Amino acid sequence: MAFTAQGQGADSIEAALPHAKAELISEYDSFVPSESFYVGVRIDLEKGWHTYWANPGDSGAPAKIRVRVPEHTAIGPILWPTPERILTGPITTFGYENSVLFAWELKIAADKLHEEKFPIDIQGEVLVCKEICIPARFSLRTHFPVTRLIQAKKSGNASQFAELRKILPAEEPGLRTQVLRENGQVRITLKAPERLKRAKLIEFFPYSEAGIEAKRSRITRMGGNWVLQAEASSVAKSGEGLGVALFETSQGTEAVMLGETAISGTERDGSSDATNRFPGVLGFLTSLFFAFLGGAMLNLMPCVFPVLFMKVYGILKQGAEKEQESRIENLFYSAGVLITFLLFAGLLVLLREAGAAVGWGFQLQSPFVVLALSILFSILALGFYGVFHFDFIDAGIGQGLVSKGGRIGAFFAGMLSVIVASPCTAPFMGASIGYAMTMPLPILFSVFLALGTGLALPTLALAISPSLLRFLPKPGAWMDVLKRVLTLPMIATVGWLLWLLSRISTEQAAVHSGIAILIGVIASVLIARSTPSRNIQRTSTALVWILVIAWAGVKVAVKGEPTSNSSATVEKSGILWSAYSPERAAKLRKEGKWVFVDFTADWCITCKVNERVTFHDKEVQAILKDRGIVTLLADWTKRDPVITRALTERGRIGVPFYLLLAPGENGAETALPEILTPGIFKNAIAAAMGETKGMEK
Amino acid sequence: MKKSIICWLGALLALQVYTASALESGAMAPPFQAEGADGKIHDLSALRGKYVVLEWFNKGCPYVRKHYDSKAMQNLQKEYTGKGVVWFTVLSSSKGSQGFATGPEAIQEAKSQGASASALLLDAEGKLGKLYGAKTTPHLFIIDPKGVLIYQGAIDDHPTSDKGDLAGATNYVKKTLDSALSGKKIEVTATKPYGCSVKYGN
């Protein structure tokens with residue numbers, strides 16, 4: 001005998017709500033003890049009306065439904081179907097339109113049920129909203145027949161439950177998540193399992209407990225992982241759940257539940273400590289502005305200033321009668337700068353797409369690039385000293401170079417200034433460029449363009465308004481003196497590059513390169529003095545430098561293969577550091593230790609400043625010691641895939657980067673600001689350690 | 001050398017500037033000047049030295065009704081304005097949206113409710129609401145005499161529209177103001193607001 005739910009006369013399985021209807025439905029017409037079955041409440045909404053998910057978002061309220069069943073029945077939690085994003089002006093909510101089925105899984109104990117009928121009593125409240133909201137309460141009740149048959153008969157509503165199971169968010173054990181919370185932002189990195197490798201992440205719905213704003217999060221793909229960037233809500237997270245991620249697969253969409261495997265403690269309490277004001281993430285316009293500013297400031301750096309000076313020097317010498325021509329040349333120079341920056345950006349993108357986790361500053365991780373740069377700077381220094389004559393340096397000093405050659409020369413001078421700027425951009429701007437690298441392509445290219453515009457600013461300004469020349473000092477003998485003086489910053493740069501070479505290659509290779517360069521310099525001077533013939537000078541000087549390059553290159557190639565970082569303990573800034581590895585960090589955390597990781601590189605000036613200012617500080621050292629924080633050093637001076645991976649997993653492609661890791665496998669990860677002072681450091685440590693301790697209670 | 005390091009540090013610090021979005025408790029509350037239903041301009045910066053409460057309101061919202069029909073909200077307003085707190089009831093419904101009111105209508109509504117707010121702020125353009133990120137009615141913000149935001153979020157910890165749930169609920173506005181006025185530490189500085197959406201219009 002087949003009973004239908006509708007057959008239970010006295011009970012009501014339907015309720016009329018304002019602009020909606022609630023109905024109690026079941027997957028089976030009768031229930032079998034010890035088998036699990038589903039019941040649910042379907043809410044049908046009038047067009048334009050909606051009701052809410054577990055996290056309603058900015059406003060609204062989740063459906064609250066209480067199901068009462070006999071004691072000997074196991075009942076699961078409410079199953080929330082994946083919601084839709086509903087936008088009303090600036091308000092974002094998560095809910096359902098048209099129709100939604102809230103369901104529960106029930107199981108009657110095998111031996112307990114003697115009654116022939118199984119009662120279900122439901123009290124519910126849903127908020128039904130269009131522009132206005134109406135709270136709607138309802139109660140539904142019915143009795144289902146209990147059958148001892150092996151197979152219960154499916155009801156007419158069974159297909160709705162089958163549909164529901166298809167769209168319910170499911171756990172995906174193969175999916176790994178990593179969460180970094182800092183400065184009002186939450187960054188979730190998803191490592192999709194093989195099964196979802198080709199699926200596209202299209203949407204993310206945070207749980208209420210996740211401490212994440214409802215606003216749409218930015219989804220990007222980085223090195224095979226998906227990265228969700230969302231805004232942290234003003235309310236701290238209160239649970240381990242993150243939300244529901246929606247993947248688009250070839251078979252349709254698939255909803256996956258996300259939980260935290262790493263949590264951060266940078267959430268702030270009421271106090272406004274300094275860390276709040278130094279977020280690591282720049283807004284788009286701000287990052288453009290500062291890239292521009294940074295580019296403009298590069299002009300004053302020891303690497304670029306001499307080149308710029310020579311450009312302006314040439315213009316001054318040309319004088320007012322050639323104003324039109326210098327204008328054109330300035331435009332060519334600027335074009336050289338911009339195009340080279342775009343080429344750099346393009347190269348980085350290609351490397352990134354090819355799966356290489358490269359960051360800005362990576363160029364200084366290659367001993368060959370560093371060697372090439374030090375030789376380039378040496379030759380330039382000779383040019384500045386007057387030993388050689390370069391068109392772009394001495395443009396305007398006669399020989400009729402001002403013409404088409406001058407324009408092309410200006411273009412190459414622009415390119416050259418970007419190349420010579422690269423050892424300066426990496427130490428100073430690595431972190432910001434590293435950030436830009438994680439952005440979508442249009443933003444990435446815009447940031448590089450802004451940087452280039454900044455670098456080309458002086459010549460661009462002169463091209464647009466040549467009358468600015470009037471503000472420059474009159475040409476005179478001082479210029480030749482200054483030109484020679486500028487040899488000094490170039491020599492200093494060579495010295496720095498050679499030191500760097502000794503760090504990323506071997507000391508021996510660096511010493512040999514230094515001697516080779518020195519001999520090259522002396523030989524060039526001697527050749528220039530010994531013969532007046534330009535041709536002989538050129539040929540023999542070129543020969544000398546080819547020999548220099550060959551010698552140093554062979555030394556670097558033989559001795560200079562980057563070796564992996566040693567695991568020894570080093571003392572730096574009065575602190576004992578052990579080499580970082582994810583395994584070591586995990587082991588220490590398992591042992592219940594707090595771990596501080598310093599991601600740094602010898603070529604990173606910001607890192608060096610932080611070390612000097614902060615890690616040398618006695619109080620900072622005392623804090624690390626007293627709190628028993630283990631310090632690990634992730635030295636990125638040389639190429640190191642392990643460290644690169646650790647950085648990219650946290651959305652960074654650059655140093656400095658400071659991480660505080662709480663004990664335990666799922667302990668919090670806190671990123672400290674990139675600019676450290678003892679005060680910022682103390683506050684950040686106190687906030688992170690204090691708060692997490694509070695959470696353990 | 002030292003100077004140049006400081007210079008660079010300064011520049012790098014500047015690089016870190018960020019355009020904030022969600023308000024942070026413990027930070028300075030954004031300044032505003034808003035028109036009251038009485039036609040006066042209310043300027044937050046002129047209220048230094050006083051506690052200021054911002055309460056987002058919509059007369060038709062069942063969650064607002066819960067606190068007004070029970071007189072709970074009016075009593076709060078009365079109690080704390082009596083203690084020198086400035087209480088602004090803000091109407092951010094856009095023109096044509098539910099809950100929109102002109103100055104006289106708003107005053108009439110407040111009167112019939114027996115409300116004791118210091119002033120009603122008319123924000124039909126939603127500027128104040130968006131500045132503070134007000135999402136629901138009610139949504140509460142409390143600013144201390146120094147201009148620091150000390151609380152934001154729900155009115156209490158029972159997020160329902162049922163008057164019956166008022167009993168036993170912790171009222172966050174009361175708790176925050178009582179702690180602040182007696183010089184105690186404020187324990188909860190932010191909660192998730194609940195209620196109807198603010199009707200900003202599209």
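A polar contact here is a pair of N or O atoms within 3.5 Å; within protein, one must be able to donate a hydrogen and the other to accept it, and residues adjacent in sequence count only if both atoms are side-chain atoms.

## About the model

This is a predicted model, in which local features need pLDDT of at least 70, side-chain atom pairs count only at pLDDT 80 or more, and totals for chains, interfaces and linings use all residues. Residues are numbered from 1 along each chain as its sequence is written, chains are lettered from A and ligands numbered from 1 in the order in which they are written, and side-chain values use heavy atoms, with hydrogens and water left out.

## Around B:T191

Let's start in chain B, where B:T191 sits in the loop between α6 (172-181) and β9 (196-197); helices (H or I, at least four residues) and strands (E, at least two) are DSSP runs, numbered from the N terminus. B:T191 counts as buried because its relative accessibility is 10%. Buried means under 20% relative accessible area, exposed over 50%, and partly exposed in between (1.4 Å probe, protein chains only).

The side chain of B:T191 has two polar partners to look at. One is the side chain of B:Y151, at 2.6 Å; the other is the backbone nitrogen of B:A154, 2.8 Å from a polar atom of the B:T191 side chain. Beyond neighbours within four places in sequence, B:T191 is in contact (heavy atoms within 4.5 Å) with residues including A:V235, B:Q152, B:G153 and B:Y172.

## A:F332 in helix α4

Over in chain A, A:F332 belongs to helix α4 (residues 323-353). A:F332 counts as partly exposed because its relative accessibility is 33%. Once neighbours within four places in sequence are set aside, A:F332 is in contact with A:R407, A:A410 and A:F411. A:T459 is 127 residues away in sequence from A:F332, with 9.5 Å between their C-alpha atoms.

Which residues of helix α17 (residues 641-649) of chain A are buried? They are A:I643, A:T644, A:A646, A:L647, A:T648 and A:E649. These buried residues of α17(A) pack against β12 (176-182), β13 (185-191), β15 (218-222), β21 (594-600), β22 (629-635) and β23 (657-661) of chain A.

## A:V485 in helix α10

Finally, A:V485 lies in helix α10 of chain A. A:V485 counts as partly exposed because its relative accessibility is 39%.
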